[in-house]
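This report covers selected helices, charged contacts, backbone features and loop positions. Please read it alongside the sequence and the model.

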Amino acid sequence: MASAAAIRDARMRPRRRLHRLRIIQSCIKQLKRDRKTRQSASNRGTGLTEVSLKNVALEAVRTGNYWAPPEEQGPVLEYIADVYAELLKDKRWLKKNASKLATRNGLTDRYTRAEILAKKHEADGCNVFLKAEEACLALEPKPVCNQNSVASCVVAGTLLIARRDTRIFSGVNSWEQIGLLTSGQQVEAASAPVNVEGCSVNYCMIAIRPKGAVELRYMNPIVTDSVGTNDEKHTDDHDESTGDHDAASRLEELREGIAAVVKGSNGAKPVNQSHLLRLLEGCAKAG
């Protein structure tokens, strides 16, 4: 038969276990509060703008993110928060990247700092490991070059005009920006368009002279006597064929009218003066 001490110990064991669990939970909450306090203090001490802080958050996500099941994202977000705090303490890194951090982009305009640290842009389909400019392009729908598009008629030497302000990249396979085309500016194609694979879609790129490449969807070809788009060529052909048909019909009417004049001169019913003038004007226009 168990002793009284053993029975008492068995009764107290669940209480002691619950007490230890509460102590652990309290320690975890205190650690989280300390982390938020340090993060807030570091944010106030940096003197960075909100845009710069968002870009630091993007870098923290890009550096600290790793794959985990949806139910285990808590530790991932905690690690990203730690990376974010460490980046804010790295004065040398902040100074080196000051100009880049101060530059707005589509992600800083679209998301708050808390949303970035919570990886909301990843939930929206953005590849968090890409740079902000490339990630923004990946979020937009992209056309693909095909034979039914204007791309099939763009060749080396084709003049192009920018439909809107667009970036010039160093090459068709590069995301390094080397310049900017303003709306209405003209450039010359250096080659035919090519498809470039992105993170989830393809991009239709065109190399330009003297250097660089742009997205073809932001450009329109300039129609000349020797170069034009498929649609314009088809329209011209249709207009020419329609014009030829109309001219043939008009000439047939003129022949019939002249035949009537000849018959009138041979004793048939004469043609009145106004009708004769219209026939002569028609002959002049038909050449």
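Helix H3, made up of residues 73–89, has 17 residues and reaches 25 Å from its first C-alpha to its last, close to the 24 Å expected at 1.5 Å a residue. That expected span is 1.5 Å times one less than the number of residues in the helix. Helices (H or I, at least four residues) and strands (E, at least two) are DSSP runs numbered from the N terminus. The model is predicted: local features need pLDDT of at least 70 and side-chain atom pairs count only at pLDDT 80 or more, while totals for chains, interfaces and linings use all residues. Residues are numbered from 1 along each chain as its sequence is written, and side-chain values use heavy atoms, with hydrogens and water left out.

The buried residues of H3 are Gln 73, Val 76, Ile 80, Ala 81, Val 83, Tyr 84, Ala 85, Leu 87 and Leu 88. Buried means under 20% relative accessible area, exposed means over 50%, and partly exposed lies in between (1.4 Å probe, protein chains only).

Helix H2 (residues 50–64) has 15 residues, and its first and last C-alpha atoms span 21 Å, close to the 21 Å expected at 1.5 Å a residue. Buried residues in H2 include Leu 53, Val 56, Ala 57, Leu 58 and Val 61. Lys 54 and Asn 55 are also among the buried residues of H2.

**Salt bridges**

A salt bridge is a side-chain nitrogen of Lys or Arg within 4 Å of a carboxyl oxygen of Asp or Glu. A search of the whole structure finds 6 salt bridges. The table lists some of them.

| Glu 50 | Arg 113 | 3.0 Å |

The side chains of Glu 50 and Arg 113 meet in a salt bridge. This pair links distant parts of the chain, with Glu 50 in H2 and Arg 113 in helix H7 (residues 113–117), 63 residues apart. Glu 50 counts as partly exposed because its relative accessibility is 38%, whereas Arg 113 is buried at 19%.

Lys 119, at 6%, counts as buried. Arg 217 counts as buried at 18%.

**A positive patch**

Which residues gather in a patch of positive charge on the surface? They are Lys 29, Lys 32, Arg 33 and Lys 36. Patches are made of residues with over 30% relative accessible area and no salt bridge, like charges being joined within 9 Å and nonpolar side chains (Val, Leu, Ile, Met, Phe, Trp, Tyr) within 5 Å. Lys and Arg count as positive and Asp and Glu as negative, with His and the chain ends not counted. Lys 32 is part of helix H1 (residues 4–46) and is partly exposed because its relative accessibility is 39%.

**Backbone features**

Most residues other than glycine have a negative phi, and most peptide bonds are trans. Lys 119 is not a glycine, yet has a positive phi of about 60°. Lys 119 sits in the loop between H7 and helix H8 (120–123). A cis peptide bond, with omega of about 5°, joins Arg 209 and Pro 210. Pro 210 belongs to the loop between strand E6 (202–209) and strand E7 (213–215).

Asn 173 is in the loop between strand E2 (166–169) and strand E3 (177–181), and counts as exposed because its relative accessibility is 65%. The C-alpha atoms of Asn 173 and Met 205 are separated by 8.4 Å, with the two residues 32 residues apart along the chain.

Ser 191 lies between strand E4 (186–189) and strand E5 (194–197), in the loop. With a relative accessible area of 28%, Ser 191 is partly exposed. From Ser 191 to Met 205, the C-alpha to C-alpha distance is 10.0 Å, and the two are 14 residues apart in sequence.

How values were computed
Areas by Shrake-Rupley, 256 points an atom, 1.4 Å probe, with all protein chains shown as cover. Charge placed at Lys NZ, Arg CZ, Asp CG, Glu CD.
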